[in-house]
Amino acid sequence: MSASKPQESGEVRFGHSLNKEEEFVARRSNTVLQCLQKFKIRCSQDAVPNIALLGSGGGQRAMVGLLGSLVQLDKAGLLDCILYLSGVSGSTWCMASLYQEPDWSTKLETVKDQIIKRLNGPEVRWTDTLAKLKKYYYEKDHFSLTDVWAVMLVASYVKKIDDCKLSDQWDQFSKDPLPIYTVIDKQSKQREEGDPWFEISPHEAGYSLIGAFVGTSSFGSQFKNKMKKQDEIDMLYLQALCSSVLADEEEIWKWIKALFRSEKMRKDPHSPPIDECYQVLLKLVNMNLDVLKGTDPSACDQSIRTTLTDLSGGQRQLIHQLEKLNDDKAAGKKAAKQYVMQYTVDVCNYLELKLNFWPFGRSICRCIAQWIWGRHYNFLHNMTDDAVPRALLESETRDYIDARVLLNSPYFSVLRKERDIDLIISLDFSDGDPFMTVTQTAETCKKLKIPFPEVNIPSEDVKKPKGFYVFKGKNAPTVIHIPLFNVVNSGDKIDAWRKKYGTSQVPYSAEMIAELMQVSGKNFAINRAKLLEQIRVVAEAKYFQAQARQI
């Protein structure tokens, strides 16, 4: 890959070395060095410890929790120690908000106030939401539910439609940690073949473990003979790509129902008879909702068939016949969902082939029925490289989804050998077991032969976690694990805090945001001395190793 600006490159890069542009870390390392010297920690220019901060998923809990943690880390004087900032799901919402402001880490208090003001402000206007969704649809080769999710959910939480591009940040943040957003390859996860771990930085996007990358601005473009350029994904879409696990099928259908009912949409003049076709789509939505609720969808089915028969002048439609639901509720619901998926696709195909009605609305229904998320051209399609699994080379498209489906923390983005991480600070905002991320990572690393410390958690700590854990291993990075709610900052009310700050509830109120900021910040205020000591240990160990090599 050339040393030109990353957004100008359309080449696919194979190899485990870092992107040349990531050499930016040398500039950030100067900041780290100066920070450590303030604390009189022995360190040298050629032996600066590489420290990564990880934010887990957890919806708005993760977004606000990460922000509160960073603010307190800054007050403790330790934010400048961080070289990489990597996130999954809700934590990426915080990251995207921070990196809207160049050099945010030098003025975090001001940036924090701006973010909170926006979160407490008005929602994005419906007309802007609709305009953005249409823009996604008409400008992409592959439209998916991730586009819907971006405007439906992400914009409603972060209160902004962020049109900026990640690659635009490549030279604007020399004073900040390098951001790494993480997702997984759905097909690799499902078939357990290839490398599911996928990272996106301002420089490039690609598979973390097998070492296959493309310039970030070219991610999603088609590499077939001559590159077919697609517009670079914007930051709103990137946040949706990273947080799709929060998707609830019933809620999506309800939102689409409101979309179809809006007066603006009903005035779309694509093809007559408009009202009847809209009614078919609305009935199709209701039919899907009936199946999800376990109620009888036959009335919607009959209404749809009658309307389509009238529209076609009495011609018979090739649409699956509705079957009686199984008496076994679980089996019956599963079979009904399978049926209604094909039924939805059939109706959409009919509206397309016979009436050419409203491709935008049809595509949304089809995407929901087939549950298509994060579909992009596969930049590895028909490439040749022995290190890349054949399955990754054969498919023309790949689907990228929330990494939380597989692991709710972005460990594998920083466990790349070439990033040479000495210390990982893991912030866990998960719903459920607060140690699952670190224990799963330890198990996976053992299978993949990736250096990682052994993790043993006392059984009593699962329900009553402490506020600060340190895991060490030979030739492995030190890992600090900090559960959001713990006996130190939450006392005996951990369950009450978890319930109050759910990971999938409606946007938090101003009071809740302020309270969660304070609670998450306590983890660094209380544990500042412990954290500083671990930073001192890894920094001085690296310093003495460098000194020994020079003898």
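Biologist: Which helix holds Phe544, and why is Phe544 called partly exposed?

Modeller: Phe544 lies in helix α21, where a helix is a DSSP run of H or I with at least four residues, a strand is a run of E with at least two, and both are numbered from the N terminus. Its relative accessible area is 40%; buried means under 20%, exposed over 50% and partly exposed in between, with a 1.4 Å probe and protein chains only, so Phe544 counts as partly exposed. This is a predicted model, in which local features need pLDDT of at least 70 and side-chain atom pairs count only at pLDDT 80 or more, while totals for chains, interfaces and linings use all residues. Residues are numbered from 1 along each chain as its sequence is written, and side-chain values use heavy atoms, with hydrogens and water left out.

Biologist: What makes Ser409 buried?

Modeller: Ser409, found in the loop between β11 (397–402) and α16 (411–414), has a relative accessibility of 3% and therefore counts as buried.

Biologist: Which residues does Ser409 touch, leaving out those up to four places away in sequence?

Modeller: With contact meaning heavy atoms within 4.5 Å, Ser409 touches Leu54, Ser56, Val88, Ser426 and Thr437.

Biologist: How far apart are Phe544 and Cys43 in sequence and in space?

Modeller: Phe544 and Cys43 are 501 residues apart in sequence, and 8.8 Å apart in space, C-alpha to C-alpha.
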